[in-house]
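Thanks for coming. I will go through one protein model today, helix by helix, and you can follow along on the screen.

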Amino acid sequence: MKKFTKEEKSWAFYDWGSSAYSIIITTAVFPLYYKNAATEAGVSLSDSTAYLGYTIAIFTFILALIGPILGTLADYEGMKRKFFTAFFLLGTISTAMLAFVPSDNWLMLLVCFTFAALGATGANVFYDAFIVDVTTEKRMNNVSAFGYGLGYIGSTIPFILAIAIILLASNGVLPISTINASRIAFLITALWWVSFSIPLFRNVRQRYFIEKEPNPVSQSFKRLSKTIREIRQYRALFLFLLAYFFYIDGVGTIISMSTAYGTDLGLSSTSLLIVLFATQVVAAPFAILYGRLSERFTGKKMLYVGICVYIIVCIYAFFLETIVDFWILAMLVATSQGGIQALSRSYFGKLVPKENSNEFFGFYNIFGKFAAILGPLLVAVTSQVTGNSSMGVFSLVILFVIGLIILSRVPEPVPHAPVDEVAPE
């Protein structure tokens, strides 16, 4: 901790707080709560799953449309903080509101979830872009990895608390219903998220910006249009985004479909939650380790390592037979999932012009969101055609190999300005 400045630590601790949303709302508690509410209301299992899928597609599409536009506007002086705050408030308030929706109103649950997800993912666009304001290019890999490491550690604390309350309630130890226990979990998520965002609001400021000019909205559209037309001038950025599109698609698919894959192997819900928890714990130090090793071997080489680990994961999945094999697979994933995401963010941060960081991070998040389509589709089609879910996971090797080949053609980042050392406090 002493190696990082106040600004760097304040920025990274937002990950500690917001990651509670990722594991409790996106992955673990809310999906089960929603499915139960929809089933109680007479909605079939297939329909409720489809409605959840449509909801995710809707907020992803909305963010994809407005991300670069808002990002371009946020490049003006003082605007990055305002947009970040707006999405942060939307996400945290909507997450808390989930606790007050009647448990049988599955449609309103989806509406609140849409706003919560839009707020969380939208805030991340500007949070990621703040990395150029809080540190130097030389320290960026370490700081980004530090943020991911804190995120993995921080998310386990409210996750354990939420699961403990739900399990104690379901076993009659606590005098509340399972529904109310889940509602408490939603409130814990919002409170945790807000509490650890305070340092960012107090200590992080936008250092790189474009001076305000008349008609900022129309000027932002013109700048965005110019960037798209002159994309050839940003060859390194474009190639990296293309590589990122493929390999992060594979990473996201393995994370999002791991529960279904574990179920196919016969793991119970409790066992899956334990594996998920263990993965979070192991991922934290390895994310930080990736940052440390990038100082010695460069961020690009460590991205190669992460992609190669995932190729091994896909190959190993083809021969998966036992629950022990699944544990080994999960731990392999844990060694690289945080590192590959952290170094991708910092590598991109080194490539972007700092004054236009929000605009380009808007594109970065779009590529990440739209990448979530191809991988699951590839797994689904391959699994159906072959009748083997292991073949579906194995097919993801294609995405990682394509990403690796394109990444090899991305030139090393060139500093946009002299790098000043940031002295630890």
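Start with helix α6, residues 140–170, and helix α7, residues 178–195: in this predicted model they pack at an angle of about 165°, and their axes are 8 Å apart. Angles over 145 degrees count as roughly antiparallel, so α6 is roughly antiparallel to α7. Their crossing is right-handed.

Which residues of α6 and α7 make the contact? From α6 there are Gly154, Ile157, Pro158, Leu161, Ala162, Ile165, Ile166, Ala169 and Ser170. From α7 there are Thr178, Ala181, Ser182, Ile184, Ala185, Ile188 and Trp192. Sorted by type, the residues of this contact are twelve nonpolar and four polar, with no charged ones.

Helix α7 also packs against helix α3, residues 79–97. Here the axes come within 7 Å and cross at roughly 155°. The cut-off is again over 145 degrees, and therefore α3 and α7 are roughly antiparallel to each other. This crossing is left-handed. On the α3 side, the contact is made by Phe88, Gly91, Thr92, Thr95 and Ala96. On the α7 side, Phe186, Leu187, Thr189, Ala190, Trp193 and Val194 take part. Seven residues of the contact between α3 and α7 are nonpolar, four are polar and none is charged.

Next, helix α4, which covers residues 106–129.

Is phenylalanine 113 buried or exposed? Its relative accessibility is 5%, and buried means under 20%, so phenylalanine 113 counts as buried. Leaving out residues up to four places away in sequence, phenylalanine 113 touches Tyr21, Ile25, Phe30, Leu52, Thr55, Ile56, Phe59 and Leu98. Take threonine 55 from that list. Along the chain, threonine 55 and phenylalanine 113 are 58 residues apart, yet their C-alpha atoms are separated by 8.3 Å.

The same check on length can be made for helix α12, residues 299–318. Its 20 residues should span 28 Å at 1.5 Å a residue, and the end C-alpha atoms are 29 Å apart, so the two values agree. The buried residues of α12 include Gly299, Lys300, Met302, Leu303 and Gly306. Further along α12, Tyr310, Cys314 and Ala317 are also among the buried ones.

Now look at helix α11, residues 269–297, where glutamine 280 lies. Glutamine 280 has a relative accessibility of 10%, so this residue counts as buried too. What does glutamine 280 touch, not counting residues up to four places away in sequence? The list is Ile23, Tyr152, Ser155, Thr156 and Gln337.

Last, the whole chain. The protein has 16 helices and zero strands. It has 425 residues, and 53% of them count as buried. Of the contacts with a separation of 6 or more, 84% are between residues 24 or more positions apart. The pair of phenylalanine 113 and threonine 55, at 58 residues apart, is one to keep on the screen while you look.

How values were computed
Residues numbered from 1 in each chain as written. Predicted model: local features only at pLDDT ≥ 70, side-chain atom pairs only at ≥ 80, totals over all residues. Heavy atoms only, no water. Axes fitted to C-alpha atoms, helices over the stretch in contact; angles between N-to-C directions. Helix = DSSP H or I, 4+ residues; strand = E, 2+ residues; numbered from the N terminus. Parallel < 35°, antiparallel > 145°, perpendicular 65-115°, else oblique. Left-handed = near helix turned anticlockwise from the far one by under 90°. Contact = heavy atoms within 4.5 Å. Nonpolar A, V, L, I, M, F, W, Y, C, P; charged D, E, K, R; others polar. Expected span 1.5 Å × (residues − 1). Buried < 20%, exposed > 50% of the residue type's maximum accessible area, 1.4 Å probe, protein only.
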